[in-house]
Amino acid sequence: MLIKILTAMVFVSIVAPMIMFYATGKRKGRQCLIMNLIGFSSFMGLALLSIIGGGVAAFAAAEGAQSAADAAATTGDGLKFIGAALATGLSGIGGGVAVSSAASAAIGAMSENEQIMGKTLIFVALAEGIALYGLIISFLILFS
């Protein structure tokens, strides 16, 4: 049943942007493509998580798990690792984007006035803190 629903959602995520593309007279091609990619990727991610979750539960049951609670704990552990990886990875990407913006602005400001170097380094360091916050959150997820 779940596979049929996910297949229908993938079909809709492909067909809906195509209809929008032809209905608007091909003016919004890039927006349709982005909508298609986001929809398709999110539905495939949901399908992958549901398949992985079912496989982990079946594997735990086959390995001699005492009850369904043991299998659910195994699935929860897997999702905990995925959440920690997302927290670390996305905060690292966000920190990189923030540091690139702050560092280029700091270099431009320092070219006009060399005495503000300390102030500009503070802004670059604050942008780097975003990645550290994500790392701390991932540790909290893993060790809770």
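Leaving aside its neighbours within four places in sequence, which residues is Ser-91 in contact with? They are Leu-86, Ile-130, Ala-131, Gly-134 and Leu-135, where contact means heavy atoms within 4.5 Å. To place this residue, we start with the whole chain.

The structure is a predicted model, in which local features need pLDDT of at least 70 and side-chain atom pairs count only at pLDDT 80 or more, while totals for chains, interfaces and linings use all residues. Residues are numbered from 1 along each chain as its sequence is written, and side-chain values use heavy atoms, with hydrogens and water left out.

The chain has 4 helices and 0 strands, and its pattern along the sequence is α-α-α-α. Helices (H or I, at least four residues) and strands (E, at least two) are DSSP runs, numbered from the N terminus. Of the contacts in the chain with a separation of 6 or more, 59% are between residues 24 or more positions apart. Of the 144 residues in the chain, 18% are buried. Buried means under 20% relative accessible area, exposed means over 50%, and partly exposed lies in between (1.4 Å probe, protein chains only).

Ser-91 lies in helix α3. With a relative accessible area of 10%, Ser-91 is buried. Its side chain reaches the backbone oxygen of Thr-88 at 3.1 Å. This is a polar contact, meaning a pair of N or O atoms within 3.5 Å; within protein, one must be able to donate a hydrogen and the other to accept it, and residues adjacent in sequence count only if both atoms are side-chain atoms.

Helix α3 also holds Gly-94, which is partly exposed at a relative accessible area of 30%. Gly-94 and Ala-127 are 33 residues apart in sequence, and their C-alpha atoms are 8.7 Å apart in space.

Thr-120 belongs to helix α4 (residues 117-142). Is Thr-120 buried or exposed? Its relative accessibility is 9%, so Thr-120 counts as buried. A polar atom of its side chain lies 2.7 Å from the backbone oxygen of Met-117. Leaving aside neighbours within four places in sequence, Thr-120 is in contact with Ala-106, Ala-109 and Met-110.

Next comes the surface. The chain exposes about 10,100 Å², and carbon and sulfur atoms supply 75% of that area. Accessible areas come from the Shrake-Rupley method with a 1.4 Å probe; for residues, only the protein chains shown count as cover. Leu-49, Leu-79, Ile-82, Leu-86, Leu-90, Ile-93 and Val-97 form a nonpolar patch with about 640 Å² of accessible area together. Patches are made of residues with over 30% relative accessible area and no salt bridge; like charges are joined within 9 Å, and nonpolar side chains (Val, Leu, Ile, Met, Phe, Trp, Tyr) within 5 Å. A salt bridge is a side-chain nitrogen of Lys or Arg within 4 Å of a carboxyl oxygen of Asp or Glu. Helix α3 (residues 68-112) gives the largest share of the patch, 6 residues.

Finally, how many aromatic pairs does a search of the whole structure find? It finds 1. The ring centres of Phe-139 and Phe-143 are 6.2 Å apart and their planes are at 25 degrees, so the pair is stacked. Rings of Phe, Tyr and Trp (its six-membered ring) pair if their centres lie within 6.5 Å; planes under 30 degrees apart count as stacked, over 60 as edge-to-face and the rest as tilted. Phe-139 is partly exposed at 43% relative accessible area, whereas Phe-143, at 69%, counts as exposed.
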